[in-house]
Amino acid sequence: MSTTQSERLRELLEPLVSSQGLDLEEIAVESVGRKRVLRVVVDSDDGADLDAVADVSRALSAKLDETDAMGAGEYTLEVGTPGAERELTEHRHYVRAVDRLVKFQLTEGGGEVVARILTVDDDGMDLEVPGVKGRKATARRLAFGDIDKARVQVEFNRKDKQDKQQDEQDMTEEEEA
């Protein structure tokens, strides 16, 4: 997709996405055989549920049908949200990833760190680096300038805060009995 077409599509679609309370994260046009696929990725601070994605998809489809932004050929519109292991590239992505486990590739040979984001401010973030082999987790501050790449990690067995609080309460009650 040429930069000009990408810019035109973003200018055309971003106001519609914003009017639905969402952020336009990505636009990509790919050729699949004779057809083209326009992929639009949207998100928000609260996440984008299926109804919100469907609403914005209808709005984008109607707008694209009334313009020639995609040209005369056939195309398929796909609207979705970022994947579970999304790459974090904007400040708002880090804010949305608070309490998530993230793999950070650090700049200038700094290696990598896998840690949970606790808080985010304008300069960087506070992290909790999980302990290894029974050791306690440690706190770490990471500046945005020290990050080359960051990607959210999928966690299958993580207990949420309510589960942890319930477990702690259960343990306290057992000790008292």
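Colleague: In which sense do strand β4 and strand β5 pair?

Modeller: This is a predicted model, and what follows is computed from it. Strand β4 covers residues 101-106 and strand β5 covers residues 112-120. The two are joined over 5 bridges, and the sense of the pairing is antiparallel.

Colleague: Which residue of β8 is the bridge partner of Q105?

Modeller: Strand β8 covers residues 147-152 and runs antiparallel to β4. The two strands are joined by 5 bridges. In β8, Q105 is partnered by K149.

Colleague: Which strands stand at the edges of the open sheet?

Modeller: The sheet has 5 strands in antiparallel pairing, in the order β7-β6-β5-β4-β8. Each edge strand has a single partner, so one side of it is left without a neighbour in the sheet. The edge strands are β7 and β8.

Colleague: What is the average twist from one strand to the next in that sheet?

Modeller: The strands of this open sheet are ordered β7-β6-β5-β4-β8. From one strand to the next, the twist averages 40°.

Colleague: How far apart in space are G145 and D123, C-alpha to C-alpha?

Modeller: G145 sits in the loop between β7 (138-143) and β8. G145 is exposed, with a relative accessible area of 60%. In sequence, G145 and D123 are 22 residues apart. In space, C-alpha to C-alpha, their separation is 8.4 Å.

Colleague: How do the rings of Y94 and F144 pair?

Modeller: The count of aromatic pairs comes to 1. The ring centres of Y94 and F144 are 5.1 Å apart and the planes stand at 65°. Planes over 60 degrees apart fall in one class, so the pair of Y94 and F144 is edge-to-face.

Colleague: Which residues is H93 in contact with, leaving aside its neighbours within four places in sequence?

Modeller: H93 is also found in helix α3. Its relative accessibility is 4%, so H93 counts as buried. With neighbours within four places in sequence left aside, the contacts of H93 are E25, R86, E87 and L88.

Colleague: How far apart are the end C-alpha atoms of helix α2?

Modeller: Helix α2 has 17 residues (residues 50-66). At 1.5 Å a residue, these should span 24 Å. The value in the model agrees with this, because the end C-alpha atoms are apart by 25 Å.

Colleague: What arc around the axis do the buried residues of α2 cover?

Modeller: The buried residues in α2 are A52, V53, V56, A59, L60 and L64. They fall on the same side of α2, because around the axis they cover an arc of only 130°.

Colleague: Which exposed residues does the other face of α2 carry?

Modeller: An α-helix has 3.6 residues a turn, so residues three or four places apart point the same way. The face of α2 turned away from its buried side carries exposed residues, namely L50, D51, R58, D65 and E66.

Colleague: What share of the 177 residues in the protein is buried?

Modeller: The secondary structure comes to 4 helices and 8 strands. A residue counts as buried under 20% relative accessible area. Of the 177 residues, the buried ones make up 28%.

Note on methods. Residues are numbered from 1 along each chain as its sequence is written. This is a predicted model: local features need pLDDT of at least 70, side-chain atom pairs count only at pLDDT 80 or more; totals for chains, interfaces and linings use all residues. Side-chain values use heavy atoms; hydrogens and water are left out. The expected span of a helix is 1.5 Å times one less than its number of residues. Buried means under 20% relative accessible area, exposed over 50%, partly exposed in between (1.4 Å probe, protein chains only). The arc is that of the directions from the helix axis to the C-beta atoms. Two strands pair if DSSP finds at least two bridges between them. Axes are lines fitted to C-alpha atoms, for helices over the stretch in contact, and angles run from 0 to 180 degrees between N-to-C directions. Rings of Phe, Tyr and Trp (its six-membered ring) pair if their centres lie within 6.5 Å; planes under 30 degrees apart count as stacked, over 60 as edge-to-face and the rest as tilted. Contact means heavy atoms within 4.5 Å.
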